[in-house]
Amino acid sequence: MKNKGSLILTRSEVADLLDLESCIQAVEDAFRWHEEGAALHPGVLSTHASDGAFHVKAAGVQSSRLYYAAKINANFPQNTKKFGLPSIQGIILLCDGQNGYPLAVIDSIEITILRTGAATAVAAKYLAAPEAETALIWGCGNQGRIQLKSIAKIVSLKRVFAYDADSKVLNKFVADLSQELNIEVIPTSDPLSAARFSQICVTCTPSRTPLIGPENISEGAFIAGVGADNPQKHELAPELLTRGKIVVDLLDQCLVMGDLHHAVERGIVRADQVHAELGEIVCGKKKGRESKQEIIIFDSTGTALQDVAVATIVYEKALKRQSGRWIDFQK
């Protein structure tokens, strides 16, 4: 059948098409497909600029059909203050994995935000203590919001500590999320003390120096390092990774970016000491949490598997709802 063309979808159109529950399921499926060999191996290309960076992430998954996606994102942390632009912005090119036809060009912002939170939710499903009630969210921007919303879909939280260097961002986070989720959200000026009382700790900042060390966590904690998505960023002290079980989204990727690579670079942790990739746990090849006492660290660098899995949901829903507009690039 002749292709109609390529579907163009804007950020608002993507937001209308995408819900968090579907996103979490898609991300869990993507990790499973990867481990079961039903995915095209993901790759990353990074280029640094003076005030930020660009990266390209690409992968394919076999869902209703074979899809391939390449996402190019720009990450410029000072964008909001300097230009009134999002810190992270870009596009996803979704292709037919069998013949290469460009099926859609999709704004990447909503997909990137939701799929990152969804990965933490999937990890929490297998790695957080089932009875966990208390969490710390360190970094209260868009990603902090979706991290809390995603975890709340999996864990019955009762109390959440929140910290952000920007008091306005922090106060709005507290007001919005406590009402939306009906959870006690407490602003804190001392996140390290809050971490000691939290069964789940999530860092989602652009920090280039470690935020949390082994002395700041309690027995049985689940820690997700989310912000370190390039080799320069660093949220979890290397010594923290020696305290418990290490789970990564993709080992090859985490060895060159994220918090694991800092620990390996310093000789504190070896690659063979990583317990598992998340996909191995999702499909039952390796165990997740095995006791109430063990500390588990999830190094989340963000994978193209997540992007392509969620982009396929957006594309297929857009076809059903006749969203977006068509353009034929081959004319």
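## Cysteines

At 0% relative accessibility, Cys254 counts as buried (buried means under 20% relative accessible area, exposed over 50%, and partly exposed in between, with a 1.4 Å probe and protein chains only). The model is predicted, so local features need pLDDT of at least 70 and side-chain atom pairs count only at pLDDT 80 or more, while totals for chains, interfaces and linings use all residues. Residues are numbered from 1 along each chain as its sequence is written, and side-chain values use heavy atoms, with hydrogens and water left out.

A disulfide is a covalent bond between the sulfur atoms of two cysteines. Here the term is applied to a pair of cysteine sulfur atoms within 2.5 Å, and the structure holds zero disulfides. For Cys95, the nearest cysteine sulfur is that of Cys23, 20 Å away. For Cys254, the nearest cysteine sulfur belongs to Cys204, at 16 Å. Cys95 is also buried, with a relative accessibility of 11%.

## Largest pocket

Rolling a probe the size of a water molecule over the atoms shows where empty space is left. The search runs on a 1 Å grid over the protein atoms alone: a cavity is a set of points where a 1.4 Å probe fits but cannot get out, a pocket is an open set with protein on both sides within 12 Å along at least five of seven lines, and lining residues have an atom within 4 Å of a point. Grid points are joined across faces, edges and corners, and a volume is the space filled by probe spheres set on the points.

The largest pocket has a volume of about 1,300 Å³. Its lining consists of 42 residues, and Pro77, Ser87, Gly141, Cys204 and Pro206 lie nearest the centre. Two or more lining residues come from each of β3 (53–62), β4 (66–75), α3 (79–83), α4 (109–127), α5 (142–152) and α6 (167–181); helices (H or I, at least four residues) and strands (E, at least two) are DSSP runs, numbered from the N terminus. Helix α4 gives the largest share, five residues. By class, the lining of the largest pocket has 13 nonpolar, 18 polar and eleven charged residues. Ala, Val, Leu, Ile, Met, Phe, Trp, Tyr, Cys and Pro count as nonpolar, Asp, Glu, Lys and Arg as charged, and the others, Gly among them, as polar.

## Largest cavity

The count comes to one cavity of 30 Å³ or more. The largest cavity has a volume of about 70 Å³, and its lining is made of Ser46, His48, Ala53, Phe54, His55, Asn75, Asp229, Asn230 and Met257. Strands β2 (39–48) and β3 are the elements that give two or more residues to this lining, with the largest share, three residues, coming from β3. The lining of the largest cavity divides into three nonpolar residues, five polar and one charged.

## Helices α5 and α2

Eight of the eleven residues of α5 are buried, so this helix is largely enclosed by the rest of the structure. The buried residues are Gln143, Gly144, Arg145, Ile146, Gln147, Leu148, Ser150 and Ile151. They pack against α2, α4, β7 (134–138), β8 (159–163), α6 and β10 (200–203), where contact means heavy atoms within 4.5 Å.

His34 is in helix α2 (residues 20–36) and is buried at 17% relative accessibility. Leaving aside neighbours within four places in sequence, His34 is in contact with Ala39, His41, Pro42, Leu250, Glu277 and Leu305.

Ser6 is in strand β1 (residues 6–9) and is buried, with a relative accessible area of 1%. The side chain of Ser6 reaches the backbone oxygen of Pro102 at 2.5 Å. Not counting residues up to four places away in sequence, Ser6 touches Tyr101, Pro102, Leu103, Arg325, Trp326, Ile327 and Phe329.

Gln330 lies in the segment after β15 and is exposed, with a relative accessible area of 58%. With residues up to four places away in sequence not counted, Gln330 touches Tyr101 and Pro102. Gln330 and Pro102 are 228 residues apart in sequence and 9.9 Å apart in space, C-alpha to C-alpha.

## Positive phi

Most residues other than glycine have a negative phi. Asn182, in the loop between α6 and β9 (184–187), has a positive phi near 55 degrees and is exposed at 70% relative accessibility. Gln322 is not a glycine either and has a positive phi of about 60 degrees. Gln322 is in the loop between α11 (304–321) and β15 (325–327), and is exposed with a relative accessible area of 71%.

Definitions and conventions: A polar contact is a pair of N or O atoms within 3.5 Å; within protein, one must be able to donate a hydrogen and the other to accept it, and residues adjacent in sequence count only if both atoms are side-chain atoms.
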